[in-house]
Amino acid sequence: MCPCFKKSTCVCMLMEVELHVHLDGAFRIKTIIDVAKRRGIKLPGAGDEAEMKKRITVNEPSTLTEFLGKFNLYMHVIAGDREAIRRVAYEFVKTKAREGVIYVEARYSPHLLANCGVDPIPWGQEKGDVTPDEVVRLVNQGLSEGEKVFKTKARSILCCMRHEPNWSMEVVELCKKYRNDGVVAIDLAGDESMNCEADSGHRKAFEEAVNSCVHRTVHAGEVGPPSVVKEAVDVLKAERIGHGYHTIKDEDLYKRLLKENMHFEACPISSRLTGACDPNFIKHPIIRFMEDKANYSINTDDPLVFNSTLDSDYKVAQQYMGFTEDEFKRLNINAAESCFLPENERNQLVKDLREAYGMVKSTSL
């Protein structure tokens, strides 16, 4: 039984759907250490697991800048290594299956895991022969192998990075190439202060995504103002918003997106620890989403760095925000209905959830 709640009120045992989790923010510390030893890479703290966990994780409210700095401690270990890339994808599915997740969309930047065919080569790596294209193939392989073993359906979203607009057209082409082999959408992540409307790299990539029927989600309104959300919707034609908390500061925009049934990918623990939201959970914007019956989901974002699980995010929502079991069911159905699976698979996912929750199709939430 889940340790978070009494049996009568436990929501952690629900079948869950997760739409916003970064693959490269979900590696296992033991795997990082194992791969470092195999590759002869020295880690801080001599590779001690407890010490690595202490260095990598953020446990108190901080800043987005400090959070992003954590990736410098371990990404170079996994990036550019075929065996490691496939392994972390496989292990990711295993982890999510243990959490009760029946469908997950893992997002990542293929360029940030490559060491060839990318300029600049990230994480101070020496040039190798693993291209962004091969990264996608390896991740797809790992996710597919994990799905077969653990019975959790896993798909991926490829991220463009705001500070590297020259990568974006290749990202959308990779989305098109692998759309029938595990990739379901394109994303834009990174510094929200960078204006995409004025940057042709991102704008053209998302225009191509629209023209090619590639699904689209965009990180916006996490730490940035509502104008970033508006840009994501109106310029980049986002179908979902990653985070989106600061949308509520613009009532007209917020009401418009409620009316349009825009899906917000909320991450409670993440938003507290990155400084995106007030550190007091009882003031979190997700409470407004709940009260307004918005279309949103609860997600982990980067569970390695936040030392969290989907269950711990649910626990926070229940203990501090007044979430009920019915609301958790509603938001999971929201997630299923807003996922980027093909229509027939999406409908089956929704049906499976409703049956598991003891709900008939016509039930009003």
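**Pockets in the predicted model**

The largest pocket holds about 630 Å³ of space. A pocket here is an open set of points on a 1 Å grid over the protein atoms alone, where a 1.4 Å probe fits and protein lies on both sides within 12 Å along at least five of seven lines; the volume is the space filled by probe spheres set on the points, with points joined across faces, edges and corners. Its lining (residues with an atom within 4 Å of a point) takes in 31 residues, and L68, L112, M161, A189 and G190 sit closest to the centre. Two elements, α3 (64–69) and β3 (153–161), each give two or more residues to this lining, with α3 giving the most, 5 residues. Helices (H or I, at least four residues) and strands (E, at least two) are DSSP runs, numbered from the N terminus. By class, the lining splits into 15 nonpolar, 9 polar and 7 charged residues, where Ala, Val, Leu, Ile, Met, Phe, Trp, Tyr, Cys and Pro count as nonpolar, Asp, Glu, Lys and Arg as charged, and the others, Gly among them, as polar.

Next comes the second largest pocket, at about 440 Å³. Of its 24 lining residues, R155, R179, G182, V183 and V184 are closest to the centre. Here α6 (132–150), β3 and β4 (183–189) supply two or more residues each, and α6 has the largest share, 6 residues. This lining has 11 nonpolar, 7 polar and 6 charged residues.

The model is predicted, so local features need pLDDT of at least 70 and side-chain atom pairs count only at pLDDT 80 or more, while totals for chains, interfaces and linings use all residues. Residues are numbered from 1 along each chain as its sequence is written, and side-chain values use heavy atoms, with hydrogens and water left out.
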